[in-house]
Amino acid sequence: MTSRRKLLHGALAAAIGLPWLEAFGSRPARAQPPGSARFIVMFSPNGTVREQWLPSGTETDFTLSPILSPLEAHQGDLVIVSGVDQQGAGGDGHQNGIGGMLTGGGLLHGNFAGVGAPPAGWAEGPSVDQRIAEAIGRGTPFRSLELGVQVGAADNWGRMCYRGKNQPLAPREDPARVFDDVFGTQLLPPEERDRMRARRQSILDYVKDDLGRLSSEVGAADRQRLDAHLTYVREVETRIAQQLANVNACTLPARPGPTPEGNDAFPEVGALQTDLLVLALACGQTNVASLQWSRSVSQVRFTWLGIDESHHGLSHLPDDDAEAQDALTRINQWYAARLADLIQKLKSYPEGEGTLFDQCLVLWCNELGKGNTHSRDQAPYVLAGSAGGALETGRFLEFDGDVPHNNLLVSLLQTMGLPDTTFGRPEWCTGPLAGLI
Amino acid sequence: MGVAVFASLGCAGGDGAPVTEAPTVAPEDLSCPGSTLRAVPLRRLTRFEYQNAVKDVFGVDVDVKALLPRDEVSLGFDNQAATLSLTDLHVEGAMQAASVVTAALAVDPAPLRQITGDCASGAECARTLVDTLGRQMMRRPLLEAQSERLLVLFGDDFSTEGFASGAELVVASLLQAPEFLYRYERKEAADALETGLASPWVLASRLGFLLWGSLPDAALLDAAGEGRLGTAADVEREARRLLSDPRSRRGALHFYEQWLRLSDFDEVEKDGVLFRIWSPVLRADLKEETRLFIEDVLFEGDARLSTLFTARYTFANARLSDYYGLPIGDPDATELVKTPFASGVPRAGVLTHGALLATQAKANQTDPIHRGKFVREQLFCQIPEPPPPDLVVSPPRLDPRKTTRERFSQHRADPGCAGCHELLDPVGLIFEHYDAVGQYRETEADVPVDATGYLADTDVTGTVDGVLDLGRRLSTSADVRRCVVSQWFRYAFSRGETSDDACTIDVLDQAFSANGGDLRELMVALTQTAPFLSPAPAPEPEEAP
């Protein structure tokens, strides 16, 4: 105890790199009171193999496909949505795929130049998770929590969540750092917490004053930037206060060690991030979270499945390349198993009469429908969970194409209790997805 | 912000028109009188700049990669004003970085003592700390209101413990203050109307960030404060002083590593079964080799662009000598030393460095498409046109019975691909002697490697045989020279060039050409141009969000 207090004394009272937290050991978290719906996005890249993805049967009596077979244990909790066309504009297919997937809009002009298209910028509007966070994220320390797994470069191929126009949200990629940021303050001794809170408040007050002063000196465009900065400072301020007020609301597992690096660590990092995401939801740290596996144009090599070629390279091979189609099927199947893992973990936290999962709505999405044509048509959407009974699950909904995915986004908003009737570009939205809710 | 940056390759309907027009201004006049300047949005410091600033002021190494999110990269650079975002991750990161700095200062307060110097009373020392540190970090004297605010934060307890606590609060606040985190250029009443130059504080700041990737030092701020930074000649003198300081190596390398795409090298993946030589230590040595080489060319050698492409030496230790097939002297030598190439060694300049070759390759094979794209985009500033929509884009599969050239010739036989790939693949195939980890190979699939290729649509168009030949050709290309100028422009001014910048690009290009492609002089010349010397233009209104 003495050495820990000594280390934490004075200037070091920040939740950074606290390896001794591992001594706290593993205990199950305690879930928060029932009644609050949660929204989760899981992304996997490079399109799917439609023939291997599409379930067979009717809306309520269907058989899962080879790709979706890892979800069998949860079939009654799913809504498979087929035949919806993902909209997007600006940049190349991967760029506008990942940029439009959750925003229902296009990319602005900009300087991200890839192969094959005029340069494009960030998305032109907020993503659906952020719209939801605006409505249900306020009472929690994190308005939303974006987690990623080996996302790589900070460009518009690697961003799916947008706070607003031109405001990409970078996912947090280091599990140990996520642990510290989300739970670190809970583990400080009370006197350190109080000291840290007071000092951080003084500094943040100064920063807010200075931002306000500077904001009055600059032109309109820069003022928007500084005002956004000020909003984030206020959020961090609230976050600290809420985190410190909610101490001991939740017991925690061990802090993850240093993040393993390299291609082959992909599954391990992803599992850690999944654990942390579920824990943050269970512990009332956030109501809205996302898990971004890699990025569009993902070059991950699925060596643990015996696949040495990169995912993106494989996704470009022709339909008649049986070996490639088999590899792509197994890769997508692996991602389906990650969704099953996420669902299973959400189900492991009791909440109210049921589990945390009962309060959740999960969207699994992809920036493309098909890799080798970059087609966004018939993109693969899977929903899981009922958001507290708002959504009837155990269904397979097949649309005939020509249905814009903006309609699905609107339905997600409505499922989460929002009154919205349109989302994204108005001309891409014809109302909620018929028959979903 | 749609900026016409690239000359496009006219393979699929592009107009191929260059952005800029013929030179109109004499090379000795770099300031392009009357040219229109473009505003850039308020830009935050990059991780690189933040780290350097903290190091230079406090002597503390902050692991910014662990604390701050990655900087957004566009046009190949991490400092593009319109692209850099700021979210709560930055707010949290700056807070935690401040804690790292104050923790280090709590252990060793020497840097703070140096800043306060001799001061008589607690109150005076606090005032000195606030004003001196404030000027250094904000790159100008604090406004009185800022000073007062920080002194209130400091408090009035000047006991040893109280002073330490006050200093910690001031340091942490300055490290999170907007005028530290952003490259804000305040309009000064004294903005030299007579000369039309930006204020001396702004010029000092621009010099520091361009040449050191960091804050201006005290000497530069003194020059600004004492009226010795009011003319273009003053700026040139200070630019030369900064370039003679070791910190300029750090600043210049940051440009070259991004221009040559070496910043991607750390994350390059290789197939460890196919390439048993590949290891973390080899990667570290290759990275160091290229850094040492570029530094040597720029600061010890003739600083010529042509030398970058043709130098017949590198830096190697035993491991790299083995990798390159050079004679190994001391087998235990780990330090990289300057090593000339004997005649017949198939290497010359940075295009044959392992780090560059391995970056421009896949995990298990070479990558003619992306090697060709690298040459087009980075060295000629051309951007290939898109594949037609809905074309099934299928690069050839790996096949150990066929050479890369054979596999890619089939792919180019497809009429949908041929148009553009005739411009990419024959350039990439020039690199075929170097495998996916950059090692030399005489044969592939039991056939002697054919490294001939064709460079079309350039001012050095023709058949090329191997990378040494390519390097010689690039050395004589005016297109490449001009592209280097454009790349430096983007890096220096945090934005892509537009037609409004034609004059500046022209005069830089002419000056660069006149001094034989001297890259150090190019850095000096950048400080003599209109966008560098002029006050920031009024920002263009952004569309409402």
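**Notebook: the contact between chains A and B**

I looked up the contact first: 63 residues of chain A and 65 residues of chain B take part in it. I note that the model is a predicted one.

I then listed the elements on the side of chain A that touches chain B. Those giving two or more residues are β5 (107-112), β9 (167-168), α5 (175-183), α6 and α7 of chain A. I found that α7(A) supplies the largest share, eleven residues. Sorted by class, this side of chain A holds 27 nonpolar, 20 polar and 16 charged residues.

Next I turned to helix α6 of chain A, residues 190-215. Its 26 residues should span 38 Å at 1.5 Å a residue, and I read 36 Å between the end C-alpha atoms, so the two values agree.

Which residues of α6(A) are buried? I recorded M196(A), R200(A), I203(A), Y206(A), V207(A), D210(A), L211(A) and L214(A). What do these buried residues pack against? In chain A the partner is α7 (220-245), and in chain B the partners are α3 (88-107), α6 (144-154), α7 (160-176) and α8 (178-181).

Finally, I examined chain A as a whole. I counted eleven helices and 15 strands in chain A. Its C-alpha atoms fill a box of roughly 65 × 50 × 45 Å along the principal axes. The radius of gyration of chain A is 22 Å; a compact globule of 437 residues would have one near 22 Å, so chain A agrees with that expectation. I noted that 59% of the 437 residues count as buried. Of the contacts in chain A between residues at least 6 apart in sequence, 69% join residues at least 24 apart.

Notes:
Residues are numbered from 1 along each chain as its sequence is written. Chains are lettered from A and ligands numbered from 1 in the order in which they are written. This is a predicted model: local features need pLDDT of at least 70, side-chain atom pairs count only at pLDDT 80 or more; totals for chains, interfaces and linings use all residues. Helices (H or I, at least four residues) and strands (E, at least two) are DSSP runs, numbered from the N terminus. The expected span of a helix is 1.5 Å times one less than its number of residues. A residue is buried if 20 or more other C-beta atoms lie within 10 Å of its own, exposed if 12 or fewer, and partly exposed in between; C-beta atoms are placed from the backbone. Two residues are in contact if their C-beta atoms, placed from the backbone, lie within 7 Å. The radius of gyration is taken over C-alpha atoms; the globule rule is 2.2 Å times the number of residues to the power 0.38. Ala, Val, Leu, Ile, Met, Phe, Trp, Tyr, Cys and Pro count as nonpolar, Asp, Glu, Lys and Arg as charged, and the others, Gly among them, as polar.
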